[in-house]
Amino acid sequence: NGMISRSEIEALISAGAGERDLQYLLKRDLSIFAETYAQPNDEYICFSEFTLADGYVDFVVLTGRSRMDVFLIEVKGADFNLLNSDHYKEFNHKIHQAAGQLRKRLGHIYRELSTFKDHVHSARARAERGDLVHNAFLGPHDGLEVDPHKDINIRTVLIGGRTVDDRAESAKRHDYEYHFTPPIRVESWDTWIRRLQRS
């Protein structure tokens with residue numbers, strides 16, 4: 001019943017909405033992140049403002065079978081172009097800033113990996129019991145079929161800015177993602193919204 005439409009998101013993006021306005025809308029329907037990242041597509045738990053170290057990650061999706069997939073998602077506004085318009089064509093400073101936040105979080109995670117694994121499995125178990133931990137939203141499948149004793153897969157996603165030249169930006173994103181281990185997937189709002197199945 002609370003599902004937000006694709007047109008609502010497109011309207012905000014087209015208007016060049018800032019980070020706060022986009023987050024406010026997306027927090028109303030966390031299933032939108034499951035739609036883009038969950039596998040299997042009806043087995044997921046989504047969170048917003050997921051606490052980690054001395055801060056939080058904007059959105060988190062838990063999904064997968066056996067080994068759990070953990071998507072850490074940071075969002076920036078749609079009020080800037082993904083790449084600067086000068087001849088260097090570098091990412092906008094807001095993308096670099098958000099990537100720095102993610103790398104800081106990842107550093108903390110990998111230094112304390114077993115603690116982080118316990119933290120996300122604890123949040124999963126609490127959400128499955130019905131606790132509203134981190135604004136949890138569960139998919140229609142009754143619980144995740146994941147093993148808390150197995151390793152987890154950590155994926156990072158950064159969404160922000162607008163696309164001007166899709167082909168050039170795709171090459172830039174590809175180079176950037178393979179420059180870091182683990183890679184940080186960079187999406188503009190234009191490329192991200194193409195992943196949505198809803199109308």
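**Exercises on strands, rings and a cavity**

Ile159 stands opposite Glu187 in strand E6. This is a predicted model, in which local features need pLDDT of at least 70 and side-chain atom pairs count only at pLDDT 80 or more, while totals for chains, interfaces and linings use all residues. Residues are numbered from 1 along each chain as its sequence is written, and side-chain values use heavy atoms, with hydrogens and water left out.

**Exercise 1. Work out which strands pair with E5, and in what sense.**

Step 1. Helices (H or I, at least four residues) and strands (E, at least two) are DSSP runs numbered from the N terminus, and two strands pair if DSSP finds at least two bridges between them.

Step 2. E3 and E5 run parallel to each other and share 7 bridges, with Glu74 set opposite Leu158 of E5.

Step 3. E5 also pairs in the parallel sense with E6 (residues 184-187), here over 4 bridges, and the facing residues Ile159 and Glu187 belong to this pairing of strands.

Step 4. As for cover, 6 of the 7 residues of E5 (residues 153-159) are buried, where buried means under 20% relative accessible area, exposed over 50%, and partly exposed in between (1.4 Å probe, protein chains only).

**Exercise 2. Find the residues that stand opposite Cys46 in E2 and in E4.**

Step 1. Strand E1 (residues 44-52) is mostly covered, since 7 of its 9 residues are buried.

Step 2. E1 pairs with E2 (residues 55-63) in the antiparallel sense over 8 bridges, and in E2 the residue opposite Cys46 is Val61.

Step 3. E1 also pairs with E4 (residues 137-138), antiparallel and over 2 bridges, and there the bridge partner of Cys46 is Phe137.

Step 4. The hairpin of E1 and E2 has 2 residues between the strands, and Ala53 in the turn has a positive phi of about 55°.

**Exercise 3. Classify the ring pairs Phe91 with Tyr176 and Trp189 with Trp192.**

Step 1. Rings of Phe, Tyr and Trp (its six-membered ring) pair if their centres lie within 6.5 Å, and planes under 30 degrees apart count as stacked, over 60 as edge-to-face and the rest as tilted; the count comes to 7 aromatic pairs.

Step 2. The ring centres of Phe91 and Tyr176 are 5.1 Å apart and the planes stand at 85°, so this pair is edge-to-face.

Step 3. Phe91 lies in the loop between strand E3 (69-75) and helix H4 (93-111), and Tyr176 in helix H6 (residues 166-177), so the pair ties together parts that are 85 residues apart in sequence. Phe91 and Tyr176 are both buried.

Step 4. Trp189 and Trp192 also form an edge-to-face pair, 5.4 Å centre to centre with 85° between the planes, and both lie in helix H7 (residues 189-193), 3 residues apart, about one turn of the helix.

**Exercise 4. Describe the lining of the largest cavity.**

Step 1. A cavity is a set of points, on a 1 Å grid over the protein atoms alone, where a 1.4 Å probe fits but cannot get out, and its lining residues have an atom within 4 Å of a point.

Step 2. The largest cavity has a volume of about 40 Å³, a volume being the space filled by probe spheres set on the grid points, which are joined across faces, edges and corners.

Step 3. Among the lining residues are Glu43, Glu128, His141 and Leu144, and the lining divides into 4 nonpolar, 3 polar and 2 charged residues.

How values were computed
1 Å grid on protein atoms, 1.4 Å probe; cavity = no way out; pocket = protein on both sides within 12 Å on 5 of 7 lines; lining within 4 Å. Nonpolar A, V, L, I, M, F, W, Y, C, P; charged D, E, K, R; others polar.
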